[in-house]
Amino acid sequence: MPKIHIKNKFFSVWLLLSGFCVSAAIVLILCYTSAARLPDNVGRPLTPLEEETVIDRNSPLTDYVYLSPNADFPRGKAIDKITIHHMAGSLSLEELGSRFSNRDRRVSANYAIDEAGRIAMYVEEGNRAWTSSSRENDNRAVTIEVANDELGGEWHVNDASFEALIELCTDICRRNGITALNYTGDTDGNLTIHKMFTDTECPGPYLESRMDDIADAVNSRLGGI
């Protein structure tokens with residue numbers, strides 16, 4: 001009996017170890033195949049020529065590029081929405097790019113705007129950024145993070161950032177055939193905000209109160225394309 005018990009115990013341990021090894025191998029294979037699918041221009045500084053090429057197929061308003069690996073390549077649906085977010089702070093475009101390049105954070109955005117009105121690209125428009133806590137929305141939307149010049153309270157955004165946001169939204173609409181932005185206060189509109197998809201304050205009271213103004217300004221500049 002003792003020998004049989006030892007054999008059974010050994011067999012159980014062997015099964016557990018085998019299962020662990022198989023699971024580890026599957027995880028490694030998945031990680032390898034995921035990494036293999038990443039474009040070779042993500043997660044690293046680009047050469048001037050590479051940066052120019054990326055900007056040429058996205059917004060010409062872009063001042064800085066650092067492409068994040070935290071994205072789906074390509075996005076699953078055609079672009080017909082824009083979703084506004086705030087940084088909940090005032091980060092430099094470079095610092096935000098560093099955060100978005102961290103695979104463990106699993107977040108990103110297509111664009112961001114700093115307090116000076118400079119625009120950065122982190123995920124090309126043809127790819128889905130991981131921004132809005134909604135795969136369905138992010139597959140259809142270009143997502144934009146905007147810097148705040150006030151921490152807390154209204155999470156205010158200054159004039160330079162706000163004007164750059166309107167210009168960027170206008171450019172996105174022109175290039176993607178969006179004839180007008182419509183803010184309905186819910187997910188039915190094609191101008192949406194982060195809090196529509198999850199429990200968050202983002203993009204803060206100030207930007208939320210200006211959504212109709214953003215839509216009106218963009219539509220005026222589109223001029224009925």
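## Strand β3 and its partners

How many bridges join β3 to β7, and do the two run parallel or antiparallel? There are 6 bridges, and the two strands run parallel. This is a predicted model, in which local features need pLDDT of at least 70 and side-chain atom pairs count only at pLDDT 80 or more, while totals for chains, interfaces and linings use all residues. Residues are numbered from 1 along each chain as its sequence is written, and side-chain values use heavy atoms, leaving out hydrogens and water.

Strands here are DSSP runs of E with at least two residues, helices are runs of H or I with at least four, and both are numbered from the N terminus. Two strands pair if DSSP finds at least two bridges between them. Along the β7 side, Ile82 has Val142 as its bridge partner. Strand β3 is also joined to β8 by 3 bridges, again running parallel, and there Thr83 stands opposite Thr192.

## A strand wrapped up

Now look at how hidden β3 (residues 81–86) is: 6 of its 6 residues are buried, so the strand is largely enclosed by the rest of the structure. Buried means under 20% relative accessible area, exposed means over 50%, and partly exposed lies in between (1.4 Å probe, protein chains only). Lys81, Thr83 and His85 point one way, whereas Ile82, Ile84 and His86 point the other way.

## The nonpolar cores

A nonpolar core is a set of buried Ala, Val, Leu, Ile, Met, Phe, Trp, Tyr and Cys residues joined through side-chain atoms within 4.5 Å. The largest one has 39 residues, and Ile82 and Ile84 are among those that touch the most other members. Helix α5 (residues 159–176) gives the most to this core, with 8 residues. A second, separate core of 12 residues includes Tyr66 and Ala109.

His194 sits in the loop between β8 (191–193) and α6 (204–209). With 12% relative accessibility, His194 counts as buried. Contact means heavy atoms within 4.5 Å. Not counting residues up to four places away in sequence, His194 touches Thr83, Ile84 and His85, among others.

## One face of helix α3

Which residues of helix α3 (residues 93–100) are buried? They include Leu93, Leu96, Gly97 and Phe100. Seen down the axis of α3, the buried residues fall within an arc of 105°, so they line one face of the helix; the arc is that of the directions from the helix axis to the C-beta atoms. These buried residues pack against β1 (64–65), β4 (111–113), β5 (119–121) and β7 (141–146).
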